[in-house]
Amino acid sequence: MLDEYDAIRLWRQLFQDAPITSLTLVQASSLIEAMSPESPVRTRLAAELEDIRSLHQGQQPKRVR
C-alpha cells in the first residue's frame with residue numbers, strides 16, 4: 001500500500017515538466033490504485049486524473065476520414 005506522502009511525490013514526478021502521454025495516464029492510474037481506498041488524497045488524485053484525461057483527449061489530433 002502506497003502512503004499519501006509517497007503518492008504525492010510520485011504524482012508530481014509524473015506530471016512536472018514532462019509531456020502527458022498515454023503511458024503517463026496509465027502510470028497515474030496505477031499510482032491511484034496502489035493507495036488505500038479510504039484515502040482523501042486518492043479521491044483528490046482520481047478527480048485530477050479525470051480532469052487531466054479530459055484535457056489530454058481534447059489536445060489529441062483529430063483523425064481525418
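Modeller: Start with Met 35. Beyond its neighbours within four places in sequence, Met 35 is in contact with Met 1, Leu 2, Glu 4, Ala 7, Val 41, Arg 42 and Leu 45. Keep in mind that this is a predicted model.

Colleague: What makes Met 35 and Leu 45 a pair in contact?

Modeller: Contact needs heavy atoms within 4.5 Å. Met 35 and Leu 45 are listed as in contact, so they have heavy atoms within that cut-off.

Colleague: Which residues have the most contacts inside the largest nonpolar core?

Modeller: They are Trp 11, Phe 15, Ala 28, Leu 31, Met 35, Leu 45 and Leu 49, in a core of 13 residues. Helix H1 (4–15), helix H2 (22–33) and helix H3 (40–59) each supply at least two residues of this core.

Colleague: Arg 42 also touches Met 35. Where is Arg 42 placed, and what else does it contact?

Modeller: Arg 42 sits in helix H3. Leaving aside neighbours within four places in sequence, its contacts are Ile 32, Glu 33, Met 35, Ser 36 and Pro 37.

Colleague: Why is Arg 42 called buried?

Modeller: Its relative accessible area is 17%. Buried means under 20%. The value of 17% falls under that limit, so Arg 42 is buried.

Colleague: How do you know that Ser 39 counts as buried?

Modeller: Ser 39 lies in the loop between H2 and H3. Its relative accessibility is 6%. The limit is under 20%, so Ser 39 counts as buried.

Colleague: What makes the link between the side chains of Ser 39 and Glu 4 a polar contact?

Modeller: The distance is 2.7 Å. A polar contact takes a pair of N or O atoms within 3.5 Å, one able to donate a hydrogen and the other to accept it. The 2.7 Å pair is within that limit and is listed as a polar contact. Glu 4 is also in contact with Met 35.

Colleague: What is the pattern of the protein chain along the sequence?

Modeller: The pattern reads α-α-α. There are three helices and zero strands. Of the 65 residues, 26% count as buried. The chain exposes about 5100 Å², and carbon and sulfur atoms supply 53% of that area.

Colleague: What is the mean pLDDT of the protein chain?

Modeller: The mean is 89, and 89% of the residues reach 70 or more. Confidence is highest in H2, at 95, and lowest in H3, at a mean of 91. Where pLDDT is low, the predicted coordinates should not be read in detail.

How values were computed
Residues are numbered from 1 along each chain as its sequence is written. This is a predicted model: local features need pLDDT of at least 70, side-chain atom pairs count only at pLDDT 80 or more; totals for chains, interfaces and linings use all residues. Side-chain values use heavy atoms; hydrogens and water are left out. A nonpolar core is a set of buried Ala, Val, Leu, Ile, Met, Phe, Trp, Tyr and Cys residues joined through side-chain atoms within 4.5 Å. Buried means under 20% relative accessible area, exposed over 50%, partly exposed in between (1.4 Å probe, protein chains only). Helices (H or I, at least four residues) and strands (E, at least two) are DSSP runs, numbered from the N terminus. pLDDT is the predictor's confidence in each residue, from 0 to 100. Accessible areas come from the Shrake-Rupley method with a 1.4 Å probe; for residues, only the protein chains shown count as cover.
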